[in-house]
Amino acid sequence: MIQGLKIMTMIAVCVCVLVLVAMSIDLASGLYKAKLRNELHTSFGFHRSVIKFITNEGAVITAFCIDVMLHFTSIWDILGISQLVNIPVITIILGMFCCWVELVSIREKADKKAEKHALDQLVAIMRTLKKEEVTRVLEALGKIRKEEKE
């Protein structure tokens, strides 16, 4: 039983390292994309990365604790799935999910984020203008769009 726990611990440590590598790649990718768009690197973004690290690694450790409890209750033998006895199934599944989320984040279109940010800024500017000024700006934008289509 203890030998099985050692094997499970080694697998769980590997999962934690893989999740950490995936998060690091995502962070590097995000910094690179921000540099391409000439965006500032703020402490807010790094703070979110720290929170994401704590959340993801904490979830993997919690999943490992669940796997340890399942190991000592011999649930896999009771269910007749003895092939899973020394394998931290919950940890592996959660680790795969965390890595998938990071992969999606890496592949995310940075341009769409920049467009949304620009649109939010435009809306904020429009709210500060008077109604007549907004009308003139919208008319000018309409003319520009027509010229681009032609």
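Predicted model: local features only at pLDDT ≥ 70, side-chain atom pairs only at ≥ 80, totals over all residues.
1. Leaving aside residues up to four places away in sequence, threonine 91 touches Ala12, Val15, Val60, Ala63, Phe64 and Asp67. Threonine 91 belongs to helix H4. Its relative accessibility is 0%, and it therefore counts as buried, a class that requires a value under 20%.

2. Isoleucine 93 is also placed in helix H4, which runs over residues 89–107. Is isoleucine 93 buried or exposed? With a relative accessibility of 52%, isoleucine 93 counts as exposed, because the cut-off for that class is over 50%.

3. Proline 88 is located in the loop between H3 and H4. Its relative accessible area is 0%, so proline 88 is buried. Beyond residues up to four places away in sequence, proline 88 touches Met8, Ile11, Ala12, Phe64 and Asp67. Ala12, Phe64 and Asp67 are likewise among the residues that threonine 91 touches. Proline 88 and leucine 27 stand 61 residues apart in sequence, and their C-alpha atoms are 27 Å apart in space.

4. The overall architecture may be stated briefly. The protein has six helices and zero strands, and the pattern along the sequence is α-α-α-α-α-α. The radius of gyration is 25 Å, whereas the globule rule gives 15 Å for 150 residues; the protein is therefore more spread out than a compact globule. The C-alpha trace spans about 75 × 30 × 30 Å along the principal axes.

5. Of the 150 residues in the protein, 20% are buried. Among contacts with a separation of 6 or more, 77% are between residues 24 or more positions apart.

6. The following points concern helix packing. Two packed helices are described by the angle between their axes and the distance between the axes. For helix H1 (residues 2–36) and H2, the axes come within 10 Å and cross at roughly 165°. H1 is therefore roughly antiparallel to H2, since the angle is over 145 degrees. The crossing of H1 past H2 is right-handed. By class, the residues of this contact comprise 17 nonpolar, five polar and four charged.

7. How do helix H2 and H4 cross, and within what distance do their axes come? The axes of H2 (residues 43–73) and H4 come within 7 Å, at a crossing angle of roughly 160°. This angle makes H2 roughly antiparallel to H4. H2 passes H4 in a right-handed crossing. On the H2 side the contact is made by Lys52, Asn56, Ala59, Val60, Ala63, Phe64, Ile66, Asp67 and Leu70, and on the H4 side by Val89, Ile90, Thr91, Leu94, Cys98 and Glu102. These residues divide into 10 nonpolar, two polar and three charged.

8. The remaining pair to consider is H1 with H4. Their axes come within 9 Å and cross at roughly 10°. H1 is consequently roughly parallel to H4, because the angle is under 35 degrees. H1 contributes Ile11, Ala12, Val15, Leu18, Val19, Ala22, Met23, Ile25, Asp26, Ser29 and Lys33 to the contact, while H4 contributes Thr91, Ile92, Gly95, Cys98, Cys99, Glu102, Ser105, Ile106 and Arg107. The classes represented are 12 nonpolar, four polar and four charged residues.

9. The contact lists show where H4 meets its two partners. Thr91, Cys98 and Glu102 of H4 are named in the contact with H2, and Thr91, Cys98 and Glu102 are also named in the contact with H1.

10. Serine 74 has a positive phi of about 55°, although serine 74 is not a glycine. Serine 74 is found in the loop between H2 and helix H3 (75–78). With a relative accessible area of 26%, serine 74 is partly exposed, as the value falls between the 20% and 50% cut-offs.

How values were computed. Residues numbered from 1 in each chain as written. Heavy atoms only, no water. Helix = DSSP H or I, 4+ residues; strand = E, 2+ residues; numbered from the N terminus. Buried < 20%, exposed > 50% of the residue type's maximum accessible area, 1.4 Å probe, protein only. Axes fitted to C-alpha atoms, helices over the stretch in contact; angles between N-to-C directions. Parallel < 35°, antiparallel > 145°, perpendicular 65-115°, else oblique. Left-handed = near helix turned anticlockwise from the far one by under 90°. Contact = heavy atoms within 4.5 Å. Nonpolar A, V, L, I, M, F, W, Y, C, P; charged D, E, K, R; others polar. Rg over C-alpha atoms; globule rule 2.2 N^0.38 Å.
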